[in-house]
Amino acid sequence: MDELKINLCDDIASLFKKDRNLVLKNTDKSLFSHPFYLTPEEVLYLYFHIKKNYSLKILEDKIIGGSFQSIDGIYSLLS
């Protein structure tokens, strides 16, 4: 797994008090459902965290299109 993706998983595990291995094994799962169950507010917080720490510039159409719903989707926006 790419270092950037691992850092992203580590951030999510740390920010939302999730087990690191659980996060690493479920990068294709929606952040809104099992095993994450993040609220829309938490995903918004994650968006600003990523924007600040990864110098992310995302177009709104990418978010609306669903690219920000999973770790894999977010990673594709960063790489």
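Student: Which side chain meets that of Asp 72 in a salt bridge, and at what N to O distance?

Tutor: Two remarks on the source come before the reply. The model is predicted, so local features need pLDDT of at least 70 and side-chain atom pairs count only at pLDDT 80 or more, while totals for chains, interfaces and linings use all residues. Residues are numbered from 1 along each chain as its sequence is written, and side-chain values use heavy atoms, with hydrogens and water left out.

The partner of Asp 72 is Lys 5, and the N to O distance in this salt bridge is 2.6 Å. The term salt bridge means a side-chain nitrogen of Lys or Arg within 4 Å of a carboxyl oxygen of Asp or Glu. The two residues belong to distant parts of the chain, 67 residues apart: Lys 5 is in helix α1 (residues 3-15) and Asp 72 is in helix α5 (residues 71-78). Helices here are DSSP runs of H or I with at least four residues, strands are runs of E with at least two, and both are numbered from the N terminus.

The two partners can also be described by their accessibility. Buried means under 20% relative accessible area, exposed means over 50%, and partly exposed lies in between, with a 1.4 Å probe and protein chains only. Lys 5 counts as buried because its relative accessibility is 15%. Asp 72, at 27%, counts as partly exposed.

A third residue belongs to this picture. The side chain of Thr 27 makes a polar contact of 2.9 Å with the side chain of Asp 72. A polar contact is a pair of N or O atoms within 3.5 Å; within protein, one atom must be able to donate a hydrogen and the other to accept it, and residues adjacent in sequence count only if both atoms are side-chain atoms. Thr 27 sits in the loop between α2 (20-25) and α3 (40-53). Its relative accessible area is 8%, and therefore Thr 27 is buried. Contact here means heavy atoms within 4.5 Å.

The buried residues of α5 are Ile 71, Gly 73, Ile 74, Tyr 75 and Leu 78. Among the elements that cover them are α1, α2 and α3. The largest nonpolar core has 20 residues, and those that touch the most other members are Leu 8, Leu 31, Ile 50, Ile 71 and Ile 74. Two or more residues of this core come from each of α1, α3 and α5. A nonpolar core is a set of buried Ala, Val, Leu, Ile, Met, Phe, Trp, Tyr and Cys residues joined through side-chain atoms within 4.5 Å. In soluble globular proteins, nonpolar side chains tend to be buried together. Leu 8 shows some of these contacts: not counting residues up to four places away in sequence, Leu 8 touches Ile 50, Tyr 54, Ile 71, Ile 74, Tyr 75 and Leu 78.

Arg 20 and Asp 10 meet in another, at 2.4 Å, N to O. Arg 20 lies in helix α2 and Asp 10 in helix α1, so this pair ties together parts that are 10 residues apart in sequence. Arg 20 is partly exposed at 40% relative accessibility, and Asp 10 is partly exposed at 26%. Lys 29 and Asp 28 also form a salt bridge, with an N to O distance of 3.9 Å; Lys 29, at 33% relative accessibility, is partly exposed.

Leu 38 lies in the loop between α2 and α3 and is buried, with a relative accessible area of 5%. Tyr 37, in that loop, is exposed at 55% and has a positive phi of about 55° although it is not a glycine. Pro 35 is also placed there, and a cis peptide bond with omega of about 5° joins His 34 to Pro 35. Most residues other than glycine have a negative phi, and most peptide bonds are trans.
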